[in-house]
Each structure stands twice: as C-alpha cells, then as structure tokens.
Amino acid sequence: TLERTLEWSYSMLSETERDLFADLSVFRGGFELEGVAQVCGVEAPTDPAVIVGELIEKSMLTRDRLSGRYRYLEPIRLYAWGMLEDSERGGDLRRRHAQYVAEIVAIGAAGEAGEQARWMDRITAEHDNVRAALRWSLEAAEEDIALQIAGSVWPFWKHGGHVSEGRNWLDRSIELVGGSQPPSLERVLIGAGDLAGTQDDRAAAEQYLTLALQIAEKREDDLAAATVLAKMASLPHRAGDLPEATRRFEEALTLARRGGDLPQTASILASLALLEEDQGLTTDAETHAAEALSLRRKTDDLYAVSDALLTLGEISINRGRYPEARRALEEARELAANSGFQDISAWSNAYLGKIESAEGNHAEGMLLLEDALLQFQLRGQPNGAAWAMRHLGQAALAEGDLDRAAALLREALDTALEHVVPDVPLVLETMSELDVARGDFEEAAYLLSAAERARGDLDLVIPLAERERSGAVRAAVRSQLSPQRFDELEAKGAASSLDDLPVLLVGELTTRT
C-alpha cells in the first residue's frame with residue numbers, strides 16, 4: 001500500500017522535481033539547503049529552494065521548524081534511493097556527497113576555537129551523513145576523502161561520546177592507506193592514538209602516536225610533535241611511570257612554547273599540574289593550573305577552558321577547598337552542557353559528586369557519581385570508571401551499605417590495576433576503611449601497608465584530603481590489634497607488590513595467613 005501511494009505521489013511530480021526527489025535521497029539523517037546545489041548539481045537559474053518547497057508541499061519531504069533541516073521519512077528515502085542506487089548517477093552523487101561532508105567537517109575543525117560549540121552541534125546533526133560518506137569512501141578506496149573526514153571529525157567522536165565508533169572509523173581509514181604516508185594521515189593517527197588512549201588501549205595508542213611523531217619530526221613540525229608527545233605522556237602516567245610521563249610533557253611544553261601555541265601550552269601545563277599534584281608538588285601544581293586557565297581564556301577555546309577548570313577543581317578538592325572547587329566545576333559543567341563536551345560533563349559530575357559526599361550529602365553525591373560512572377562506561381573510559389567506583393564505594397560505606405561498597409571497591413581495584421595504576425593505593429585505603437567498618441582489623445592493617453608500599457613504588461604522595469581519612473583508619477586499626485600483630489601485618493603488606501594484589505579478596509586475608 002505504501003509503495004502504491006509513493007508511486008502515485010511520484011507520478012504527480014514534474015520532471016525537475018522527480019530528479020531532485022531522487023537525488024536528495026543521498027543524504028542521511030537530513031540536510032541543509034546549502035548542500036543541495038553542491039551535492040545534487042542544481043544549476044542556475046533553477047532555485048533549489050523552490051523545488052524543495054514543492055516537494056514539502058506535496059508531502060514528499062519534511063522540514064524541522066526548530067533546526068531548519070530537511071529530511072525524508074526513511075521509507076520515502078529508501079524508495080527514492082532505489083531509483084539511483086546501482087546507477088552511474090548514484091555513484092556520482094555519493095562522491096559529491098562525501099566531498100561535501102569533507103568540506104563541512106573541515107570548516108569547523110580548522111576554524112576559531114570559539115566556534116567549537118556550533119561545530120559540535122553541526123556534526124551532531126550531520127553525523128549520519130558523516131557515517132555514510134566515510135562508509136562510501138572506504139568501500140570505494142577513496143583514501144584522500146576518508147582521511148580528510150576522519151582526521152577532522154575525531155574530536156567530535158571523543159568529546160561527543162562516540163569513542164568506540166570513532167576508533168573503528170579511524171582504524172579502517174588507517175588500514176586503507178596500507179604502508180603509505182599521505183600528509184593527511186598524521187591527523188588520523190593522532191586521533192586514533194588519542195581515542196585508544198582514552199580507552200586505555202596503551203599498545204594501540206603508543207603504536208599510532210609513535211608513527212604520528214615520526215611523521216611530525218620528519219616534517220620538522222614542532223607544534224605537531226608537541227601535540228603527539230602530550231598525548232603520549234598520558235600513557236606512562238596511567239601505567240604509573242611518572243618520570244617518563246613528566247619527561248614527555250616537559251619536552252612537549254618546550255616545543256609548544258617555541259611555536260607560540262597558547263592552547264597547546266595551556267593544555268600541557270594543566271596536565272603537568274595533575275602530574276605534580278600526584279607527586280605532592282603542590283606549589284608547582286597550583287601555579288601551572290592557574291597559568292593554564294589564564295592562557296586558555298585568552299584563546300577563547302571552550303574545551304580547553306572547561307578542561308582547565310576541571311584541573312583547578314580537582315586540585316581544590318585535594319586541598320579541601322570545596323567552595324572554590326564547586327565554582328570551577330559548575331562553570332566547567334555549564335560550558336560542557338552548552339558545547340556538547342560529554343567527557344567534561346562526566347568528570348564535572350564525578351568531582352561534584354565527591355564534593356557532595358565529602359560534605360555529608362551522600363544521596364546527592366551518589367546520584368552524580370552514578371551518572372558519571374554510566375557515562376564513563378558508555379564511553380569505554382576505564383580511568384574515569386575506576387575513579388567513580390571508588391568514590392561510590394566510599395559513599396555506600398558512609399551510608400552503611402557495606403555489601404555494595406565491597407562490590408564497588410573490588411571492581412575499582414581490578415579496573416585500576418589494569419588501566420590506571422596510580423589509583424591503586426587510594427582504592428586499597430578505601431578498602432581498609434571498609435574492613436574497619438566490618439570489624440576485620442587485620443585485613444585493614446595489611447591493606448594500609450600494601451597501599452603505602454604501592455604508593456612508594458609509584459613515587460606518589462597521598463592527597464591532603466585523603467590523608468586524614470587514612471590516618472583515622474590507621475588509628476582505629478592500632479587500637480584493636482596488639483603492637484606485635486600490627487607490625488606483622490604491616491610487614492606483610494610492605495612486602496607485597498602490585499602483582500600480588502589481583503588475588504586479594506575482601507575478607508579472605510585471615511584465612512590465607
């Protein structure tokens with residue numbers, strides 16, 4: 001019945017309307033009027049807006065009043081595309097469509113930083129067209145178009161919550177070129193490495209970024225090399241190799257300053273601040289974080305500003321300066337909401353959830369942390385997931401839900417050991433706090449010492465805000481154990497290594513010993 005209706009409606013169209021009706025079906029998920037002439041080849045004096053208006057009036061096409069975008073209902077689009085799919089004209093349309101997509105995504109990627117929000121909105125609206133253009137260019141072995149699109153769009157995939165999908169497109173684009181190294185490959189390699197690093201696939205990230213660095217150095221491009229080195233630095237940081245992470249960040253900072261790239265310089269300064277925070281270099285951390293935010297505001301880079309605000313928020317939380325942290329994080333969250341930066345939104349909620357819990361608002365804190373955890377899991381972001389699970393475990397413990405706290409902390413430990421090693425000591429200390437609540441003081445003593453050993457191995461310093469909690473747990477344990485037994489368990493924990501920790505199960509230490 002639907003097909004007969006469509007055939008009748010199609011028969012009522014003029015020849016010009018029939019041609020455009022079929023051609024417009026190359027778009028996926030809608031289109032804007034500007035693309036009609038470029039993709040569908042409508043030439044003057046014909047006005048495409050007039051023909052599109054006729055198609056709307058004849059119920060063959062719809063227009064969204066809010067966005068202004070045009071689209072087919074999918075059954076109508078499939079009917080229209082069926083006229084062209086295997087034709088030479090259909091192939092030409094798909095090529096022009098892919099070229100058009102490559103142009104519109106590159107405009108935003110290369111534009112002023114303050115245009116980021118509008119660019120994110122535009123790519124969100126065009127995402128189905130991006131997918132269709134990439135699919136065609138890969139199938140047609142059109143490597144130039146595929147690399148142009150993938151190299152421009154990957155920040156959207158990262159910030160917009162499409163990390164796994166983005167990795168797939170980027171990997172396929174890299175495979176398409178084989179062993180060749182066209183100029184546009186570098187941006188694709190950087191994107192592939194960055195997204196792999198986001199999911200803590202360190203082997204893939206190192207492989208892609210090393211190749212990107214070789215290309216940048218061959219071109220003697222300091223700014224490109226700085227970008228790659230900064231992304232490479234996050235890999236040893238998560239693995240617990242702070243000296244190597246520091247070396248890479250400092251080398252990247254030198255190159256960025258030499259090239260006068262303010263956004264890049266600010267980004268590296270913020271990352272160094274977090275690294276210094278982990279090592280207890282509090283003055284350096286605050287100085288670099290403040291400089292990063294100052295530089296980023298000068299560039300009007302919305303993502304960079306929101307990321308710097310996260311850094312300031314985390315450092316302020318570690319100092320126990322919650323009002324200052326809340327102001328920075330709420331500004332970051334507002335920027336993220338207006339710009340579509342889902343990764344910033346997730347971390348803002350995570351940090352705000354920690355503040356709520358620290359101030360005794362455990363129910364509100366858990367809601368924020370649960371939202372953040374879901375976002376981290378959907379994005380395949382294990383470092384965020386481990387962080388959120390640890391703090392959810394703390395909140396559940398504060399609420400007296402010991403079973404839930406145990407499950408969350410065990411999963412947080414497993415995730416931290418595999419993906420974000422610097423978090424391991426903090427998870428162990430929270431697990432020791434749970435043991436005290438359960439009355440298992442012997443395991444708590446062991447875990448405290450194991451955490452201290454792990455922190456020493458990693459050259460980490462306990463955050464100021466966590467020091468008081470850990471001290472209270474240690475005092476509670478000492479009050480319940482004889483000095484001799486406490487020393488025995490402390491010695492056992494001090495002799496443990498990170499490799500020993502995966503076999504730890506809450507409540508089993510006593511039976512093992």
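In the predicted model, Ala225 lies in helix α12, which covers residues 222–239. The residue is buried, because its relative accessible area of 5% falls under the 20% cut-off. Leaving aside neighbours within four places in sequence, Ala225 is in contact with Leu213, Ala216 and Leu255. Gln214 is 11 residues away from Ala225 along the chain, and the two C-alpha atoms are separated by 8.4 Å.

The chain as a whole contains 26 helices and two strands. Of its 513 residues, 53% count as buried. The C-alpha atoms fill a box of roughly 95 × 55 × 40 Å along the principal axes. Among contacts in the chain with a separation of 6 or more, 65% are accounted for by residues 24 or more positions apart.

Two helix pairs were examined. Two packed helices are described by the angle between their axes and the distance between the axes. In the pair formed by α8 (residues 143–159) and α10 (residues 185–198), the axes are 8 Å apart and the packing angle is about 30 degrees. Because angles under 35 degrees count as roughly parallel, α8 and α10 are roughly parallel to each other. The crossing in which α8 passes α10 is left-handed. On the α8 side, the contact is made by Leu147, Ala150, Gly151, Ser152, Trp154, Trp157 and Lys158. The α10 side contributes Leu185, Arg187, Val188, Ile190, Gly191, Asp194, Leu195 and Thr198. By class, this contact of α8 with α10 comprises eight nonpolar, four polar and three charged residues.

In the pair formed by α20 (residues 382–398) and α21 (residues 402–419), the axes come within 8 Å and cross at roughly 155 degrees. Since angles over 145 degrees count as roughly antiparallel, α20 is roughly antiparallel to α21. The crossing of α20 past α21 is left-handed. Helix α20 makes the contact through Pro382, Ala386, Met389, Arg390, Leu392, Gly393, Ala396 and Leu397. The residues of α21 that take part are Leu402, Arg404, Ala405, Leu408, Leu409, Glu411, Ala412, Thr415, Ala416 and His419. The residues of the contact of α20 with α21 divide into 12 nonpolar, three polar and three charged.

Helix α15 (residues 282–299) has 18 residues and reaches 26 Å from its first C-alpha to its last, close to the 26 Å expected at 1.5 Å a residue. Its buried residues are Ala285, His288, Ala289, Ala292, Leu293, Leu295, Arg296 and Thr299. The elements covering these buried residues of α15 include α14 (262–278) and α16 (302–319). Helix α23 (residues 441–458) has 18 residues, which should span 26 Å at 1.5 Å a residue, and the 26 Å between its end C-alpha atoms agrees with this. Of the 18 residues of α23, 13 are buried, so the helix is largely enclosed by the rest of the structure.

Just after α23, Asp459 takes a positive phi of about 60 degrees, although this residue is not a glycine. Asp459 is found in the loop between α23 and α24 (464–480). With a relative accessible area of 46%, Asp459 is partly exposed, because this value lies between the cut-offs of 20% for buried and 50% for exposed. Ala141 also has a positive phi, of about 55 degrees, without being a glycine. The position of Ala141 is in the loop between α7 (116–139) and α8.

Arg69 is placed in the loop between β1 (62–63) and β2 (70–71). Arg69 is buried, with a relative accessible area of 9%. Not counting residues up to four places away in sequence, Arg69 touches Gly29, Gly30, Phe31, Glu32, Thr62, Arg63, Asp64, Ala125, Glu126 and Asn129. Arg69 and Glu418 are 349 residues apart in sequence, and their C-alpha atoms are 45 Å apart in space.

Methods:
Residues are numbered from 1 along each chain as its sequence is written. This is a predicted model: local features need pLDDT of at least 70, side-chain atom pairs count only at pLDDT 80 or more; totals for chains, interfaces and linings use all residues. Side-chain values use heavy atoms; hydrogens and water are left out. Axes are lines fitted to C-alpha atoms, for helices over the stretch in contact, and angles run from 0 to 180 degrees between N-to-C directions. Helices (H or I, at least four residues) and strands (E, at least two) are DSSP runs, numbered from the N terminus. Angles under 35 degrees count as roughly parallel, over 145 as roughly antiparallel, 65 to 115 as roughly perpendicular and the rest as oblique. A crossing is left-handed if the near helix is turned anticlockwise from the far one by less than a right angle, and right-handed if clockwise. Contact means heavy atoms within 4.5 Å. Ala, Val, Leu, Ile, Met, Phe, Trp, Tyr, Cys and Pro count as nonpolar, Asp, Glu, Lys and Arg as charged, and the others, Gly among them, as polar. Buried means under 20% relative accessible area, exposed over 50%, partly exposed in between (1.4 Å probe, protein chains only). The expected span of a helix is 1.5 Å times one less than its number of residues.
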